[in-house]
Amino acid sequence: MKRRELLVRIAAPVSIVLLWQLAVTTRVLNPGLFPPPSAIFSSFVNYAASGDLLTNAFWTFQRLLIGFLLGGVPGTLVGLAMGMNRWIRAYFDPLIALLYPIPKIAILPLFYFIFGFGEQAKYAVVAFGVFFLMAINTQAGVRQIESVYLDVARAYKIRPVSFYFRVLLPGALPNIFAGVKLSVGIAIVLAIAAEFQLTKTGLGFTIINAEQLLDVDRLYAALVAVSLLGFALAVMLDLLEKWLIPWRRAR
């Protein structure tokens with residue numbers, strides 16, 4: 001990354017924080033509803049020092065990761081199959097078209113009825129949201145692979161397993177990573193929403209608890225923690241993408 005580009009990336013969040021601080025200082029924003037960034041930072045430091053931040057972030061990350069794997073891996077495999085087989089695509093296309101638009105948060109109570117009030121319901125709602133994005137993006141990636149590569153693979157009569165994992169998967173990786181990045185955002189939203197009720201751990205619980213206690217500073221501190229979690233995952237995915245898809249970085 002060039003130095004100027006890095007400076008622009010740093011300047012973007014810094015400028016928003018400074019504008020926010022200025023707007024609160026000049027009373028353009030109500031400090032009761034929009035605490036100044038300095039107060040939010042102080043609350044965040046206290047939240048971290050208490051140990052609650054690390055504990056709650058761990059629980060949220062665990063639910064996010066397990067749910068993502070439960071939905072992302074099957075979604076990727078189904079997407080690979082849909083991209084190469086029109087009969088499989090004909091079977092799954094209407095199912096995805098019917099189920100994907102359903103608001104995942106709205107059916108969270110249904111998951112509690114099915115899986116109980118433990119962790120399984122939280123994993124399930126995250127997996128349900130991630131599955132469709134991974135299937136749709138993986139299928140699109142497979143169908144964008146140049147036909148010459150597929151013809152060469154068929155000419156050499158490589159085994160189906162090798163064909164899927166040595167031809168289709170690498171060819172679809174750019175779209176798969178696009179799906180992963182979209183899915184991470186959705187997974188965070190669903191994991192946080194699942195923590196709004198029937199739990200005493202997680203960043204979502206901190207947010208809803210701060211709202212009930214009218215602790216605005218703590219609420220914003222928890223939101224900052226969620227934002228930082230998403231940012232850290234995005235950076236990790238960018239690094240992983242550069243490692244797994246070096247030809248895309250060259251382009």
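Q: Which residues count as lining a pocket?
A: Lining residues have an atom within 4 Å of a grid point of the pocket. The model here is a predicted one.

Q: Okay, which helix gives the most to the lining of the largest pocket?
A: H3, with ten residues. H3, H8 and H10 each supply at least two residues of that lining.

Q: What volume does the largest pocket have?
A: About 580 Å³. It is lined by 23 residues, and the closest to its centre are Phe68, Leu69, Val180, Leu237 and Leu240.

Q: How many of the lining residues are nonpolar, polar or charged?
A: The lining has 21 nonpolar residues and two polar ones, with no charged residues.

Q: Back to Val180. What does it touch?
A: Leaving out residues up to four places away in sequence, Val180 touches Phe68, Met134 and Leu237.

Q: New topic: how many residues are in the largest nonpolar core?
A: There are 47. Val180 is among those with the most contacts inside this core, along with Val125, Val126, Leu168, Val184, Ile188 and Leu203.

Q: Which helices supply it?
A: At least two residues each come from H2 (37-49), H3 (52-84), H5 (108-115), H6 (119-143), H7 (147-155), H8 (160-194), H9 (203-212) and H10 (216-244). The largest share, 15 residues, comes from H8.

Q: And what lies apart from that core?
A: Another core, of six residues, including Val78, Met82, Ile96 and Phe131.

Terms used:
Residues are numbered from 1 along each chain as its sequence is written. This is a predicted model: local features need pLDDT of at least 70, side-chain atom pairs count only at pLDDT 80 or more; totals for chains, interfaces and linings use all residues. Side-chain values use heavy atoms; hydrogens and water are left out. A nonpolar core is a set of buried Ala, Val, Leu, Ile, Met, Phe, Trp, Tyr and Cys residues joined through side-chain atoms within 4.5 Å. Buried means under 20% relative accessible area, exposed over 50%, partly exposed in between (1.4 Å probe, protein chains only). Helices (H or I, at least four residues) and strands (E, at least two) are DSSP runs, numbered from the N terminus. Contact means heavy atoms within 4.5 Å. On a 1 Å grid over the protein atoms alone, a cavity is a set of points where a 1.4 Å probe fits but cannot get out, and a pocket is an open set with protein on both sides within 12 Å along at least five of seven lines; lining residues have an atom within 4 Å of a point. Grid points are joined across faces, edges and corners, and a volume is the space filled by probe spheres set on the points. Ala, Val, Leu, Ile, Met, Phe, Trp, Tyr, Cys and Pro count as nonpolar, Asp, Glu, Lys and Arg as charged, and the others, Gly among them, as polar.
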